[in-house]
Amino acid sequence: MNPKIANKIADAVIYILVAIVVIILALLIGFILITGIPHISWHFLTSVSQSFSAGGGIRDQLFNSIYLLILTLIISFPIALGSGIYLAEYAPKNWFTSLIQTAIEVLSSLPSIIVGLFCYLLFVIEFQLGFSILSGAIALTFFNLPLLTRSIQESLESVPDLQRQAGASLGLSRWKTITGIIFPIAIPGIITGIILSAGRVFGEAAALIYTAGESAPAISYSNFNPFNPASFLNPMRPAETLAVHIWKVNTEGVTPDASQISSGSSAVLIIVILIFNLGAHYLGKHLYDKMTASK
Amino acid sequence: MAFKDYDFNDTYFATFDDEKALVTKDIQVYYGDNHAFHDGNLSFSRNKITALIGASGSGKSTYLRCLNRMNDDVARVTGQIMYRGMNINSSDVNVYEVRSHIGMVFQRPNPFAKSIRENITFALKQHGLKNKSELDKRVEESLRGASLWDEVKDRLDKSALSLSGGQAQRLCIARAIAMKPDILLMDEPASALDPISTKNIENTLNQLKKDYTIIIVTHNMQQASRISDYTSFFHLGHALEFDRTERIFTNPHVKATEDYISGNFG
């Protein structure tokens, strides 16, 4: 076979594979949006959910999903940043480091139901945090840490060593070189890691059933005292997220409009994830441009 | 390609009684058990350019990187490096301080992913210089010193990554001299550049030697003969000869040096 034909065949195969991925994605998102968007209304987004009667909304679930993401990132990002920096810049290349690497990868492949039950026993029961957003955020941190740590580590490692040498040759400490020179270059990769882990948080249900709970008690959006049980900011209240809500109305929902709620919620979830991804990319690019003077 | 066998005891080190900026005594470099560089005993005259020449693997870059302690993390370096009466190879010396007196320019241009201005001011600010007008002055001075000012003065806040290879390397030189070091170490600074950029860099070095002591590693013998005052020949981890550049290139004492510069090497 001559190289020209071989090349054409290879090109064709690659295009077909890419097309398959794109088609599957388009079909899935298209189906969810087409079946869901007709059920989305201002009323649906701004009213509380109903257990028995039709016409319930998803106000609290939507807020809980976003609040849970924020809390999870507040807990997991600093830990991941520290361990990512350590693994990329400080850790000696030896068996102990690769043991840590392997452990992190194992953590990311744990079944979420196992992590959920573990967090239920340890945090909900033993530490008496109860069914709460905080328990949920801790459980999700277990999933988040490997993704975030890995992406931070890899983005730092992809910065050429010449940059570190340049920093050192100017009498900068290693820490200053990392924070001032290496880190800004790594921002786009780190943003990608945050987006990946955020997708996991938005989509997770199994681990949250046992930690953040399945109930959405009435909360007040005008009460800004995070220690008040009725406040929307209280991290100790049980909080059903959108993904858990979808699971619940599909399995044990008794409202007559369960399937409409489920379709509408799925569409909202997809749209929120898209908005978050685009927003994170935009913010990351803005931050990168600002710190590296590139336009 | 195998080298001919040369006697590492066949050496010649000319001495000159001008003022020395840096003197090394008995420098040895070990990578683990591998004794990579032997007996570095060289003196570098103030405000002169000294070229270190030799084939790949001769140890000239390894030796150069000892001089500002860049080998700290990768190798064990013994011996003394005397700078202003102090042994800067001692472990209790503040290595960051050393590097702010002994600057370095690398083989490949490595500007930071920052604006042209910030490339120069970033390290200055970390070393405590905060005054805006003083920083601006340093930016202009150092860019002029590196013969880059006229080309970039209208786009100081644009990314340094937009510069050509030759401009980026001159920016790296500007970044090094902005620290006002005594000594500039250059590790084949023009080897990744085209001939015109190379010529620009060489002209820049000639300007700089009024204010700086320059030690330059180069593969390019014409470059060494064009720009340097003194030359040292390195072979397989040994410095074998040191003399005035014109003597090295016209009348070397050591057989290995003669073979190297005449192309009969190996």
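1. Which residues in α6(A) meet which residues in α8(A)? On the α6(A) side they are A:Leu140, A:Phe143, A:Asn144, A:Leu147, A:Leu148, A:Ser151, A:Ile152, A:Ser155 and A:Leu156. Across from them, α8(A) puts in A:Ile182, A:Phe183, A:Ala186, A:Gly189, A:Ile190, A:Gly193, A:Ile194, A:Leu196, A:Ser197, A:Arg200 and A:Val201. Contact here means heavy atoms within 4.5 Å. By class, the contact of α6(A) with α8(A) has 13 nonpolar, six polar and one charged residues; Ala, Val, Leu, Ile, Met, Phe, Trp, Tyr, Cys and Pro count as nonpolar, Asp, Glu, Lys and Arg as charged, and the others, Gly among them, as polar.

2. Some ground rules before going on. This is a predicted model, with local features needing pLDDT of at least 70 and side-chain atom pairs counting only at pLDDT 80 or more, while totals for chains, interfaces and linings use all residues. Residues are numbered from 1 along each chain as its sequence is written, chains are lettered from A and ligands numbered from 1 in the order in which they are written, and side-chain values use heavy atoms, with hydrogens and water left out.

3. Back to that helix pair. The axes of α6 (residues 133–157) and α8 (residues 174–203) of chain A come within 8 Å and cross at roughly 155 degrees. That makes α6(A) roughly antiparallel to α8(A) (angles under 35 degrees count as roughly parallel, over 145 as roughly antiparallel, 65 to 115 as roughly perpendicular and the rest as oblique). The crossing of α6(A) past α8(A) is right-handed. Helices (H or I, at least four residues) and strands (E, at least two) are DSSP runs, numbered from the N terminus.

4. Helix α7 (residues 161–169) of chain A also packs on α8(A): their axes come within 10 Å and cross at roughly 155 degrees. That makes α7(A) roughly antiparallel to α8(A). From α7(A), the contact takes A:Gln163, A:Arg164, A:Gly167 and A:Ala168, and from α8(A) it takes A:Thr177, A:Ile181, A:Ile182 and A:Ile185. Those residues divide into four nonpolar, three polar and one charged.

5. A look at A:Glu157, which sits in helix α6 of chain A. With a relative accessible area of 38%, A:Glu157 is partly exposed (buried means under 20%, exposed over 50%, partly exposed in between, with a 1.4 Å probe and protein chains only). Leaving aside residues up to four places away in sequence, A:Glu157 touches A:Leu87, A:Ala88, A:Lys93 and A:Arg164. A:Leu87 is 70 residues away along the chain, yet the two C-alpha atoms are separated by 9.2 Å.

6. On to the rings: the whole structure has 20 aromatic pairs over all chains. Rings of Phe, Tyr and Trp (its six-membered ring) pair if their centres lie within 6.5 Å; planes under 30 degrees apart count as stacked, over 60 as edge-to-face and the rest as tilted. B:Phe16 and B:Tyr230 make a tilted pair, at 4.9 Å centre to centre and 45 degrees between the planes. They link distant parts of the chain, 214 residues apart: B:Phe16 is in the loop between β1 (12–13) and β2 (20–31) of chain B, and B:Tyr230 is in strand β11 (residues 230–235) of chain B. B:Phe16 is buried at 17% relative accessible area, and B:Tyr230 is buried at 3%.

7. One more ring group, in chain A: A:Phe63, A:Tyr67, A:Tyr221, A:Phe224 and A:Phe232 form one aromatic cluster.

Methods:
Axes are lines fitted to C-alpha atoms, for helices over the stretch in contact, and angles run from 0 to 180 degrees between N-to-C directions. A crossing is left-handed if the near helix is turned anticlockwise from the far one by less than a right angle, and right-handed if clockwise.
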